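Here is a walk through one protein chain. Keep the backbone in view as you read.

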Amino acid sequence: MILHIVRLLLASVFIFSGSVKAIDPLGTVYKIEDYLLAFDGFFVNLTFLAFPVALTLITIELLIGFCLFFQIRFKFFSWSVMAFMLIITPLTYYIAIKNPVTDCGCFGDAVTISNWATFYKNIVLSAFAVILIVFNKHFRQIFIPSIEWAMVIVFVFASAGFMVYSITHLPIIDFRPYKVGVNIPEAMTIPADAPSDQFKYNFIYEKDGKQQSFNINELPDSTWTFVSQETKLISEGYKPPIHDFAILTIDFEDVTDEVLSYPGKSVVIIMYDLNKTSIKGVEKVKQYIAKQKSSVKVYALTSSSSADIQEFKSEHKLQFPFYKADPITLKTIMRANPGVMILQNGTIKEKWNGARL
């Protein structure tokens, strides 16, 4: 019973981890890109691999979890788990020490845990993998080999098909703060009684060639010479679900309040990088905008340069105005390029992949 509990726990973690990534595969692509950019140097040139690596990683996680759950090719996939953990665990240890990104992304945007928590979690999973390998003979084969291979093939293709759907449409479950029904101004509000960041301050002073650290309540007399100040975050305060939403004109004038306070219908077209925007999607967006009433406000948001904006508007004969926003914010709002978001009085009413309009 204990061995089967270990097996099911390990399988469940892999299935959950792979599932939340499969729902939002582009989120995993962006996270891998963040890692590569954070590692800098040679790794920056490998960002083009983020997409195939993300899809491969998701498929492997789902396949391992599925096969452990149904005891398919159990010995092979027990060793596969061990090999997977031998790669991932040292990597997460390095990430916990260096902290290149604040969230490992191991459970997508569904569950956020710290880098150290991720490392400790992987230590436990590695121990579970060792148990499965050591006691492998206690697990009986349920299906004949031909059925096992058929199940593996079907599952791989089903996983790939689901990820393709998620990419070409939008995630069927939105784990991000910009989901349909959210009022953006409310999600940006900080309650009056919300806790704030807590810091510890140390002040370094020197006297007679000797340096000493003092806290803010025990500062030395004037015979000491100030050298430096150290600030350490003790605890993070309340952070609203949305804290980085801002819309700027080409001349960097903030029009966020104007967009969010409009009581009528607003169509927000999101194209985080015009050089990567789907041309098919742009044409469908143009057709959609042409059908809208004159009272509908239209905003195109991008992080591209002003020169790229002018060239893009001219090339595709676009009449609606363009505004600027942070690229990470835009990719968080919309897993499509272009994507369309409908706002009314600051509330998100609908979201679509522009290519599916």
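Helices and strands here are DSSP runs, numbered from the N terminus. The model is a predicted one.

Asparagine 345 is not a glycine, yet its phi is positive, about 55 degrees. Most residues other than glycine have a negative phi, and most peptide bonds are trans.

Proline 338 sits in the loop between α11 (327-333) and β7 (339-344). The peptide bond leading from asparagine 337 into proline 338 is cis, with omega near 15 degrees.

Now turn to the hairpin. Strands β1 (residues 198-207) and β2 (residues 210-215) pair in the antiparallel sense, over six bridges. Lysine 207 stands opposite lysine 210 in β2. Two residues lie between the strands of this hairpin, and aspartate 208 there takes a positive phi near 55 degrees. Aspartate 208 is not a glycine either. Its relative accessible area is 76%, so aspartate 208 is exposed.

Finish at the surface. Which residues gather in a patch of negative charge? They are Asp251, Glu253, Asp254, Asp257 and Glu258. Glutamate 258 belongs to helix α8 (residues 256-261). At 49% relative accessibility, glutamate 258 counts as partly exposed, because exposed means over 50%.

Note on methods:
Residues numbered from 1 in each chain as written. Predicted model: local features only at pLDDT ≥ 70, side-chain atom pairs only at ≥ 80, totals over all residues. Heavy atoms only, no water. Patch = residues over 30% accessible without salt bridge, like charges linked within 9 Å, V, L, I, M, F, W, Y side chains within 5 Å. Areas by Shrake-Rupley, 256 points an atom, 1.4 Å probe, with all protein chains shown as cover. Salt bridge = Lys/Arg side-chain N within 4 Å of Asp/Glu carboxyl O. Lys, Arg positive; Asp, Glu negative; His and termini not counted. Charge placed at Lys NZ, Arg CZ, Asp CG, Glu CD. Helix = DSSP H or I, 4+ residues; strand = E, 2+ residues; numbered from the N terminus. Buried < 20%, exposed > 50% of the residue type's maximum accessible area, 1.4 Å probe, protein only. Pairing = 2+ DSSP bridges.
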